[in-house]
Amino acid sequence: FHHAGPDYAAGFCYLNDAVLGLLAWTALRAAQHTATAQPAHSTAPAAQAAGAIGAIGAAPRIATWALVLGLACTLLVANVGIAQKEHTIAQGRKVFVPLAPVDPRSLMQGDYMRLNFQLPAERLTYEELAWGQRPHAVGTLDERGVVQWLRIDLAEATLQAGEMRFALTPRDGQWTLVTDAWYFREGDATRWEAAKFGEFRVEPDGKALLVGLADAQLRGIAP
């Protein structure tokens, strides 16, 4: 689900929310300033007084609309993200990727497993990539649906027969497959100790979604 398009859309919406919030704050500050600037017994003409009152009345409306638009944008991005993930689950190809999990505990975030997916040994540095470009891991599937890695390549590279691509995601200065952590309910650590594979749904363009973990026999571990 980590793909340049949704990332940019979310980033744009967050920026839009920030701008709308700034506009609302500015409008409220302007209204407060206008209200405090008027003396108790103003000698200003009636037109100026009416204009000041109108500005004070308009400020809350501007703030309200700014908040409404910001909320609408947030809900839109959230729904688009949900729809994209549902499409990947429904249409993506089932793939198992070997992993080497570690299980640190985090009192601040609850229990989770640190995932270290096996990837091709070669790497592409950030300097080798154009702005916004992501490397793709390329591999084939064996008869069980377990990926056999071949190389790291760019999104526009041509695939050979039987090959498929996986878009990689930046995490802590490195590239990983979708995510580097699997969260679970506190006290369920023993259940996930048997995890040996990550179960993914992968679309033809390389967009992948981690849907679960599986044991050595590729049996899904129930949450």
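Q: Which side chain does R151 meet in a salt bridge?
A: Side chains of opposite charge can pair when their charged atoms come close. A salt bridge here is a side-chain nitrogen of Lys or Arg within 4 Å of a carboxyl oxygen of Asp or Glu. R151 pairs with D153, at 3.2 Å from N to O. This is a predicted model: local features need pLDDT of at least 70, side-chain atom pairs count only at pLDDT 80 or more, and totals for chains, interfaces and linings use all residues. Residues are numbered from 1 along each chain as its sequence is written, and side-chain values use heavy atoms, with hydrogens and water left out.

Q: Which residues are linked with D153 in a network of salt bridges?
A: The network holds R151, D153 and E163. D153 is partly exposed, at 21% relative accessibility. The classes are buried, under 20% relative accessible area; exposed, over 50%; and partly exposed, in between (1.4 Å probe, protein chains only).

Q: How many salt bridges does a search of the whole structure find?
A: The search finds 8. One of them joins R114 and D180, at 3.1 Å from N to O. Helices (H or I, at least four residues) and strands (E, at least two) are DSSP runs, numbered from the N terminus. R114 is partly exposed at 32% relative accessibility, while D180 is buried at 14%.

Q: Which backbone oxygen does the R165 side chain reach at 2.7 Å?
A: That of A157. The backbone oxygen of A155 lies 3.2 Å from a polar atom of the R165 side chain.

Q: Which residues does R165 touch?
A: Contact means heavy atoms within 4.5 Å. Beyond four places in sequence, R165 touches residues including H136, L154, V202 and D205.

Q: How many helices and strands are in the chain?
A: There are 3 helices and 11 strands. Buried residues make up 36% of the 223 residues.

Key: A polar contact is a pair of N or O atoms within 3.5 Å; within protein, one must be able to donate a hydrogen and the other to accept it, and residues adjacent in sequence count only if both atoms are side-chain atoms.
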